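Colleague: I am new to reading models like this one. Please take a close look at the ligand site for me, and then show me what else deserves a look in the chain.

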Amino acid sequence: MTEVSLQKITKNYGQLEVVHGIDLEISHSEFVVLVGPSGCGKSTTLRMIAGLEEISGGTIKIGDKVVNNLPPRDRNISMVFQNYALYPHMSVRDNLGFGLKIAKHPEAEIVKRVENAAEILGLGMLMDRLPAALSGGQRQRVAMGRAIVRNPDVFLFDEPLSNLDAKLRVQMRTEIKKLHKRVNNTIVYVTHDQVEAMTLADRIVIMRDGHIEQVGTPLHVFENPVNTFVGSFIGSPPMNQLDGKVLSDGKSGLQIALADNIVIPVPTRARNHVSEGQDIIVGIRPDDMTPIGHGMRDDGETVSFDLMVSISEPLGTETILFSTIGAKDVQGKMLNPRPIVGDERLTFNLSLDRIHLFDAGTGNNVLGGLDD
Ligand SMILES: Nc1ncnc2c1ncn2[C@@H]1O[C@H](COP(=O)(O)OP(=O)(O)OP(=O)(O)O)[C@@H](O)[C@H]1O
Ligand SMILES: [Mg+2]
């Protein structure tokens, strides 16, 4: 069942259009993450769902109701912001219950709901404290608790973890995932952090400049980026993107010439999607370029070439290897690493099954649509 439906949503600020006709269907109990660089329109989109911004065009439905002109309080949503906006003079208990009190829920009901939220979020011991006496993570939990007590159809989160330090952010990420498992409400979550997006989302929506670039499960988007933007935005370390040209291999096949006289065959699955003379961007994830003997996958089609590794970053279970192809920096990965001292020339295996080919003119994946 569709819970939130955006149809051709636009947003103008004066003359300037910042959201350009977004279509998105979000299912009941789905966890959807909007991700993209700063200024791409994530918060604006979320705030339009919340009713905190008017839409300039299109239709928003929550459940089967058009909510275009409904005020936020009538949309049955709860929003959690980056700055938790707790009432400083109220205890945790009162912060949790305040919204319900204002909405004139009966006292017994408020107590029950507040206790339930406190239990879900492990706030029991903190109920009589003031916000000033809480850690950042605890405050964040109270902010989420305030959203939970209202038992909304839809939770809207705007960068709720970005004020927390790195370690706490990872912990709270898990908390939010647990929360979703437990309450199973629909969640629309905004972040500019692609790792957060990948780890939390059932489906991830990648935005750029007020458009949606791609929608899909995290793994689908990782493995099938529609264009160079999505390819480089999703994944860490980022995808290497190298300029190449499609040439005949002198027989019946095609190959791609990269800089430094590196030539790779066109992978079988892409053969009918490129043509001789085409300028191509070859996307290679560091995981798919591994020194011989230090890879993981039992790969199908591969090709190998030598690279001079100038810098290595040991991370324990793997080492990131830095090199160049032509003028471009490239990164590979060494699994089951051994120490690398100084510059070293290594033979890398490239998994042809896992490289991505983009048309250099359009930036689009040559395999086309790639919808999930
Ligand atoms: N009140 C406003 N008046 C004019 N322009 C605005 C206003 N609010 C946002 N914008 C513009 O709309 C665009 C989208 O902003 P939005 O806040 O949605 O971005 P975002 O994706 O949430 O970015 P961030 O990751 O930095 O929070 C930006 O170019 C921004 O400058
Ligand atoms: Mg924002």
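Modeller: Let's begin with one term: a residue is buried under 20% relative accessible area, exposed over 50% and partly exposed in between (1.4 Å probe, protein chains only). By that rule, buried residues make up 48% of the 372 residues in the protein chain. This is a predicted model, in which local features need pLDDT of at least 70 and side-chain atom pairs pLDDT 80 or more, while totals for chains, interfaces and linings use all residues. Residues are numbered from 1 along each chain as written, chains are lettered from A and ligands numbered from 1 in written order, and side-chain values use heavy atoms, without hydrogens and water.

Now to the ligand site. Around ligand 1 (a heavy atom within 4 Å) you will find Tyr13, Val18, Pro37, Ser38, Gly39, Cys40, Gly41, Lys42, Ser43, Thr44 and Glu159. Helix α1, residues 42-50, gives the most to this shell, with three residues. Helices (H or I, at least four residues) and strands (E, at least two) are DSSP runs numbered from the N terminus.

Next, look at the polar contacts, pairs of N or O atoms within 3.5 Å. A polar backbone atom of Cys40 sits 3.2 Å from an oxygen atom of ligand 1, and for a polar backbone atom of Gly41 the distance to a ligand oxygen is 3.0 Å. Lys42 uses its side chain instead: one of its polar atoms there lies 2.8 Å from an oxygen atom of ligand 1. Taken alone, ligand 1 exposes 640 Å², and the protein buries 57% of that (Shrake-Rupley areas, 1.4 Å probe).

Step back to see the whole chain. The protein chain has eight helices and 21 strands, and its C-alpha atoms fill a box of roughly 80 × 50 × 35 Å along the principal axes. Its accessible surface is about 17700 Å², with 49% belonging to carbon and sulfur atoms. A contact means heavy atoms within 4.5 Å; among contacts between residues at least 6 apart in sequence, 67% join residues at least 24 apart.

In α2, residues 92-102, the buried residues are Val92, Asn95, Leu96, Gly97 and Leu100. An α-helix has 3.6 residues a turn, so residues three or four places apart point the same way. The cover over the buried residues of α2 includes α3 (107-121) and α4 (136-149). After α2 comes Lys104, with a positive phi near 60 degrees.

Val246 counts as buried because its relative accessibility is 0%. Leaving out residues up to four places away in sequence, Val246 touches Leu254, Gln255, Ile256, Val274, Ser275, Glu276, Gly277, Gln278 and Ile280. His294 is 48 residues from Val246 in sequence, and their C-alpha atoms are 29 Å apart.

Finally, visit some loops. Pro237 lies in the loop between α8 (228-233) and β11, and a cis peptide bond joins it to Ser236, with omega about -5 degrees. Asn184, in the loop between α5 (166-183) and β8 (186-191), is not a glycine but has a positive phi of about 60 degrees. Asn184 is partly exposed, because its relative accessible area is 40%. Asn336 is in the loop between β19 (328-335) and β20 (344-351), and its phi is positive too, near 40 degrees. At 55% relative accessibility, Asn336 counts as exposed.

Note on methods
Polar contact = N/O pair within 3.5 Å; in protein donor to acceptor, adjacent residues only side chain to side chain.
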